[in-house]
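I opened this model to look up a few local features. My entries follow, topic by topic.

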Amino acid sequence: PQRKSGSGDVSPEIHEDMEDLFVEIRKELQGRDPELCKVAEYYFDGQGKAIRPMIAIIMARAINAHLQGSSQSFLLPQQKKLALVTEMIHTATLVHDDVIDRSNKRRGKPSVNALFGERRTIVGGDYVLAKAGAMVARLNSDEVTEILAQVLEDLVHGEFMQMDSSGDNSERFAHYIGKTFNKTASLMAYSCKGVAILGGSDDSLAEKAFQYGKHLGIAFQLVDDLLDFVSSTAEMGKPVAADLQLGLATAPVLFAAQKFPELNPLIERRFSEPDDVAKALELVKKSDGLEETKILAQRYCSEAVRYANFLKPSVYRDDLVLLTEKVVNRTK
Ligand code: FPP
Ligand code: MG
Ligand code: MG
């Protein structure tokens with residue numbers, strides 16, 4: 001297929017691959033208890049961005065095109081399953097995350113915990129994870145199973161790192177980037193590696209896929225952390241400066257603290273005193289923290305592009321590049 005130049009959209013095959021994504025996931029979630037299914041299905045309503053399966057699907061097609069030496073390629077059924085699994089793992093973490101963060105809204109509707117209560121929500125998240133685990137087992141690849149187990153460990157580790165605000169100023173940025181890898185980029189990186197392995201990549205090619213996903217994933221979270229400061233509740237479907245209110249110092253604040261060291265004690269006490277959130281918000285806006293965060297995200301995206309360009313040219317390799325642009329320029 002010809003790329004529609006300047007259309008700003010990924011290839012139509014990608015949309016076709018994604019069309020039945022949520023229907024397929026809801027099918028996978030069917031089981032003995034209809035009430036449990038209702039909790040588990042709640043966030044698979046088609047309102048999410050589904051960025052993770054999209055990354056996996058585009059990488060799969062780009063890898064397949066590379067290995068077949070053609071500009072077009074097909075998606076293998078196992079690669080499609082892995083794409084579903086990425087969305088299921090991600091959603092299971094959101095379900096638990098909303099309990100941990102005591103959120104009452106997500107994507108403009110009541111959060112799963114607001115609707116079903118905390119106890120059912122926790123178990124519902126576990127159920128999604130259990131179903132995803134069974135799907136991974138059916139991929140019949142020990143290597144991919146191991147990879148996805150690693151992703152789960154990283155997600156848990158990332159969430160745990162976020163609960164810890166120790167460390168001095170100089171270590172804080174490295175801690176933040178490490179946390180960001182675990183919490184967001186690991187799933188993207190390892191799913192890129194997983195579809196590459198399922199497509200028959202050798203170690204070196206699978207590593208290129210991994211690095212693409214890792215850099216894109218860190219860029220994605222940097223932009224997310226930036227949008228937390230600038231987006232309105234209407235756009236994001238959640239309150240502005242939610243991270244500060246949760247006590248979290250993300251890239252914009254960490255950059256701002258380089259210019260305004262008076263932010264450091266606020267960061268250390270996790271913005272817990274009455275005026276801390278407002279004060280931090282003001283200093284972030286006065287600093288170049290938001291611009292610097294965007295520039296850092298752009299640098300991670302350039303690295304992602306560099307890894308994509310190890311692949312042979314194809315429309316899907318172009319889609320990998322386009323995706324990096326979409327990630328940096330998104331507004332929600
Ligand atoms: C969303 O972050 C949360 C994550 C991406 C990871 C959450 C991980 C866990 C709860 C632990 C692991 C759980 C499982 C099931 C393996 P956020 O709170 O910054 O995003 P939000 O603004 O969308 O709520
Ligand atoms: Mg949250
Ligand atoms: Mg959270």
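How do the residues of the shell around ligand 1 divide into nonpolar, polar and charged? I counted 6 nonpolar, 5 polar and 5 charged. Here Ala, Val, Leu, Ile, Met, Phe, Trp, Tyr, Cys and Pro count as nonpolar, Asp, Glu, Lys and Arg as charged, and the others, Gly among them, as polar.

Ground rules next. This is a predicted model, in which local features need pLDDT of at least 70 and side-chain atom pairs count only at pLDDT 80 or more, while totals for chains, interfaces and linings use all residues. Residues are numbered from 1 along each chain as its sequence is written, and chains are lettered from A and ligands numbered from 1 in the order in which they are written.

**Ligand shell.** I found 16 residues around ligand 1, the closest being Ala92, Thr93, His96, Asp97 and Glu159. A residue is near the ligand if its C-beta atom, placed from the backbone, lies within 6 Å of it. Two or more residues each come from helices H5 (77-100), H7 (118-137), H8 (142-162) and H9 (169-198). H5 gives the most, with 5 residues. Helices (H or I, at least four residues) and strands (E, at least two) are DSSP runs, numbered from the N terminus.

**Core.** I then looked up the largest nonpolar core, which has 95 residues. Such a core is a set of buried Ala, Val, Leu, Ile, Met, Phe, Trp, Tyr and Cys residues joined through C-beta atoms within 7 Å. Buried means 20 or more other C-beta atoms within 10 Å of a residue's own, exposed means 12 or fewer, and partly exposed is in between, with C-beta atoms placed from the backbone. Ile58, Met59, Cys192, Leu216 and Ala219 touch the most other members. Beyond four places in sequence, Met59 is in contact with Cys192, Val195, Ala196, Ala209, Tyr212 and Leu320. Contact means C-beta atoms, placed from the backbone, within 7 Å.

**H4 and H17.** The axes of H4 (residues 51-68) and H17 (residues 315-329) come within 8 Å and cross at roughly 145°. Axes are lines fitted to C-alpha atoms, for helices over the stretch in contact, and angles run from 0 to 180 degrees between N-to-C directions. From H4, I listed Ile55, Ile58, Met59, Arg61, Ala62 and Ala65, which meet Tyr316, Arg317, Asp319, Leu320 and Leu323 of H17. By class, this contact has 8 nonpolar, no polar and 3 charged residues.

**H13.** Is helix H13 (residues 251-259) mostly covered or mostly open? It is mostly covered, with 7 of its 9 residues buried. The buried ones are Ala251, Pro252, Val253, Leu254, Phe255, Ala256 and Ala257. They pack against H9, H10 (203-230), H14 (263-268), H15 (276-286) and H16 (289-308).

**Positive phi.** Most residues other than glycine have a negative phi. I noted Arg102, which has a positive phi of about 50°. Arg102 is found in the loop between H5 and strand S1 (105-106). Arg102 is exposed, because 11 other C-beta atoms lie within 10 Å. Phi of Asn140 is also positive, near 60°. Asn140 is found in the loop between H7 and H8. With 10 C-beta neighbours inside 10 Å, Asn140 counts as exposed.

**Leu139.** I checked Leu139 too, in the loop between H7 and H8. Why is Leu139 buried? Leu139 is buried because 20 other C-beta atoms lie within 10 Å. Beyond four places in sequence, Leu139 is in contact with Gln78, Lys81, Leu82 and Val144.

Conventions
Contact = placed C-beta atoms within 7 Å.
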